[in-house]
Amino acid sequence: MNKHRIDELLNKYNFRTDYERLTKEVFDSITKDARLALEGTKTSIQMIDTRYLQPVSKTNERVLTIDVGGTNTRKTIIAFDNEGHISSGEISKTKTDLLMNGDFFENLAEFALPYTKDITSIALCFSYPFSPTDDGDGIINAGAKGVEVTSLKNKPLVKTLIDRLEKKSMKGGVKGTVINDAVASLFNLSLQDDDDDIKIGSILGTGCNVSIYIQKEGKRKAICTETGHAALTSSILSKFDKYVDQETNAQGLSNFEGATSGYYLFRLVRSILYKACEENVFTGDEKQYVQSVADNLDEGYKIDNIFLSGTNENIKYIADKVIHRASAIVGGMFSAFALLSKESRSEMASNVSILIEGTTYYKTNNYKLYVENITREFLKPFGMDVKFYAPYEKEAPAILLGTAISTL
């Protein structure tokens, strides 16, 4: 293996592998910006007050639940009764980019219409950044994950969808809610973990986001951090991150997501492989092989395929460095928000519960292992134990179920 030459290349382009120090730097950066944001100062950590409290009760509801994700959009009916029982119907999905092609709200209404019979409310999960409005709706304010959303801007998400559905024969009087996917993950965790732990809901899939509870005036309010758009410092970002950023439409707006999420990780590996070939870290037949792997590394190939048997060990080594660095950054982020949530509470809390939703996190080699170990070790000196939860899939996918809870 060419480990030494690969390490020299990574160091030359400021790709960090000093993981403990990196986690501490991310922790410090996010803690500083999040505290300022909570005080009203504009930072890249938005700390958006969603106006939702921690769910405590359940009532009779029949909810059309829609999750507009970075890759797929799913819908189902989720019903709650007064005794706390939950039931879900058939789940249907379509590609999100198909809905974004043309009039998004018209396409979404056509997709949703067959599930609108006898519903009491619509719960919409929207995985792109939006700002909550005083009437409980949301206005989209930025694109992400390669999607351009100019045509959606300044339109209330729920009201626009309900208006379109009513024009297509849905009965009037249906109410609606809209939340972020990380908030949906947080609400889902409230069903699984009803003790007094610090709770974090997170997305580590196509994109990245986190939601926590901050206690204000004796009430626990769900805060959407929009971490994916956090501005990591130049000391944390490598030149490879900047190369990848230039390839996408984010242009500096998704630094944290660019270092940690599925939409970007394979691009980082590809960028490093190309540079390694360009600077003759690989030579001869191996260089041709590495070049070929890089040429075919895309959304369809998936970064986790690199770790299949038979793949060149040097390529595996580079991919593992990318994943380990992402894990160190995520671990610093989880630790920062765990302590921020704890600080806001008047009562003592020593345990942290984290629910993570996202295929990238669970299917990418070692990502889950590294994140959990790093987060536990970082928070141990603070006297905090960490429990990680997988999405609850018994009745319905975690995001859909968490979204439906927002209507209660």
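Asparagine 14 lies in the loop between helix 1 (3–12) and helix 2, where helices are DSSP runs of H or I of at least four residues and strands are E runs of at least two, numbered from the N terminus. This asparagine has a positive phi of about 60° although it is not a glycine. Asparagine 14 is partly exposed, with a relative accessible area of 31%; buried means under 20%, exposed over 50% and partly exposed in between (1.4 Å probe, protein chains only).

## Basis and confidence

This is a predicted model, in which local features need pLDDT of at least 70, side-chain atom pairs count only at pLDDT 80 or more, and totals for chains, interfaces and linings use all residues. Residues are numbered from 1 along each chain as its sequence is written, and side-chain values use heavy atoms, with hydrogens and water left out.

The average pLDDT (the predictor's confidence in each residue, from 0 to 100) is 87 for the chain, and 91% of the residues score at least 70. Among the elements, mean pLDDT is lowest in strand 7 (residues 130–132), at 80, and highest in helix 13 (residues 367–379), at 97.

## Helix 2

Buried residues of helix 2 include Tyr19, Leu22, Val26, Phe27, Ile30 and Ala37. Their cover includes helix 8 (255–260), helix 11 (313–343) and helix 13, contact meaning heavy atoms within 4.5 Å. Just after helix 2, glycine 40 takes a positive phi of about 105°.

## Asparagine 280

Asparagine 280 is found in the loop between helix 9 (262–278) and helix 10 (284–295). Its phi is positive, about 60°, although asparagine 280 is not a glycine. The residue is partly exposed, with a relative accessible area of 38%.
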